Amino acid sequence: MTIPSFSAQNGKANTVKKTFSRQTSIRIDINSDASVIWTLLTNASDYPRWNSTINSLEGEIKKGEQIRLKVHLDPKRTFKIKVREMEPEKRMVWGDGQGTRTFTLSKNKEGVWNFAMTEKIGGLLYPLYARMIPSFDEAFEAFASDLKKEAELIVNTKN
Amino acid sequence: MDKQKLAAEFEACRGPLKSYILRMTTSSQDTEDIVQDTYLRAHAKLESFKGDSSLKTWIFAIASNLAKDHLRAQKRWPENVTDICREKAMANQPFFQEAMQIRQTSPQGKFEIAEHIAFCFTCVSKSLPLEQHLVLLLKEVYDFKIKEIAQIIDQTEAMVKYYLHTGRSTMLRVFDKRCSLINKKGVCHQCTELNGIFNPDQNAQEAVVRIKMAREAHKADKQHLFDLRMEVVRGIDPFESDASDLQLHHLEHNRQVMENYLKNK
């Protein structure tokens, strides 16, 4: 299991590089409702509306399903990713042959929701292609910031 | 709660309830059936009404559930529904002949651009997922509070806000891209085009200027323009307006076109 780096600064990405792997993590506090945050994270077709890092996301974000992701960081490529684990409003894991992305949601003592996202890429052949993979830091920061902004905007809708 | 009070409350909200169901189903016949079933169900289950909400909210909850059951198996309409239906209408001579007949003989057969804006919203909003569509109508057109909508659709207030926000955002994007009344690059001119056919004595530009949304299009932000669009929709009862016969005829045409289009897709 990939453990999010809780030492990471709120909203700031942190990358740890090793010979055979690289792990980027981010965490951010969100003053919203878990159901809203989770619905944003699991409604595939809605992603491009609020998430500035994603061009398109097709498929259903359900355990065992395959989703097709296009990102701004590498717009010509379609990533075919499997939803490996799904524990609603708590934890979700996506992955392909190269890496694993883990999303977690937890509540802190003050009642604020903490969103964490970690992606670990690696393997025996990782050193051969490591240089070709761009840094995820900026994209992770934008992802977390967009999620916070959208989830907080929604719950602040007038009654 | 006695049955006389239910009957009185039902009569008081029958108009909004009917237009709400019509805007969901786009079928006058289905609307009549669902409104009648709503009354029968409310009558039969009156003892279960505990007063946790207003009677009106409770009635709308019953009607919404019936409409959802009715619509769940149906596919959403595409965002460019008006383009598809326009093409079919242009090739359908009897449709125009019937419409002209209504225009000439019915006291509720006038053509007004504002009426068409409301009609257009009914069609385009059918492209939304069901929950977003319900919530958007209940909040923006029927003026229910978030708490009341949560009771009507049996969801948390947070999720109602999510549906409202996403439904609004989607409609805002679609109309901004399509509607020539608010965007010079908008691809849809259907309301002014139909004005030329059904109301040639009325200058389309003069009629457009009377609509606040079009008048303020160049200076107002998109959220405000959407609020103004909703103001137009709120002001029109699709069963009672001066154009209701013409618009209901047009709506039935679009419903049939969409049924066939989605069946063959």
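A search over all chains of the whole structure finds 21 salt bridges, and since this is a predicted model, each pair described below is a feature of computed coordinates. In chain A, Asp29(A) is paired with Arg27(A), their closest N and O atoms lying 3.2 Å apart, and both Asp29(A) and Arg27(A) are buried. In chain B, Glu11(B) forms a salt bridge with Arg14(B), where the closest N and O atoms are 2.9 Å apart. Glu11(B) and Arg14(B) both belong to helix α1 (residues 3-25) of chain B, and their spacing of three residues amounts to about one turn of the helix. Glu11(B) counts as partly exposed because its relative accessibility is 48%, and Arg14(B), at 31%, likewise counts as partly exposed.

A further salt bridge joins Asp176(B) to Lys222(B), with 3.3 Å between the closest N and O atoms. Asp176(B) lies in helix α9 of chain B and Lys222(B) in helix α13 of chain B, so this pair ties together parts that are 46 residues apart in sequence. Lys222(B) has a relative accessibility of 46% and therefore counts as partly exposed. Elsewhere, Asp46(A), Arg49(A) and Glu150(A) are joined into one network by salt bridges that share partners.

The largest pocket holds about 720 Å³ of space. It is lined by 23 residues, of which Thr157(A), Leu164(B), His165(B), Arg168(B) and Gln223(B) are the closest to its centre. The elements that contribute two or more residues to this lining are α2 (47-50) and α4 (137-155) of chain A, together with α7 (130-141), α9 (157-178) and α13 (222-234) of chain B. The largest share of the lining, five residues, comes from α9(B). By residue class, the lining of the largest pocket divides into 13 charged, six polar and four nonpolar residues.

On the surface, Phe20(A), Leu124(A), Leu125(A) and Leu128(A) form a nonpolar patch whose accessible area together is about 510 Å².

Most residues other than glycine have a negative phi. With 34% relative accessibility, Glu89(A) counts as partly exposed. In chain B, Asp154(B) likewise has a positive phi, near 55 degrees, and its place is in the loop between α8 (146-153) and α9 of chain B. Asp154(B) is exposed, because its relative accessible area is 68%.

Two buried loop residues relate sequence to space. Thr53(A) lies in the loop between α2 and β3 (54-58) of chain A and counts as buried because its relative accessibility is 10%. Thr53(A) and Lys63(A) are 10 residues apart along the chain, and their C-alpha atoms are separated by 23 Å. Trp77(B) is found in the loop between α3 (55-71) and α4 (81-90) of chain B, and at 6% relative accessibility Trp77(B) counts as buried. Trp77(B) and Val124(B) are 47 residues apart in sequence, while the C-alpha to C-alpha distance between them is 7.5 Å.

Conventions: Residues numbered from 1 in each chain as written. Chains lettered and ligands numbered in written order. Predicted model: local features only at pLDDT ≥ 70, side-chain atom pairs only at ≥ 80, totals over all residues. Heavy atoms only, no water. Patch = residues over 30% accessible without salt bridge, like charges linked within 9 Å, V, L, I, M, F, W, Y side chains within 5 Å. Areas by Shrake-Rupley, 256 points an atom, 1.4 Å probe, with all protein chains shown as cover. Salt bridge = Lys/Arg side-chain N within 4 Å of Asp/Glu carboxyl O. 1 Å grid on protein atoms, 1.4 Å probe; cavity = no way out; pocket = protein on both sides within 12 Å on 5 of 7 lines; lining within 4 Å. Points joined across faces, edges and corners; volume = space filled by probe spheres on them. Helix = DSSP H or I, 4+ residues; strand = E, 2+ residues; numbered from the N terminus. Nonpolar A, V, L, I, M, F, W, Y, C, P; charged D, E, K, R; others polar. Buried < 20%, exposed > 50% of the residue type's maximum accessible area, 1.4 Å probe, protein only.
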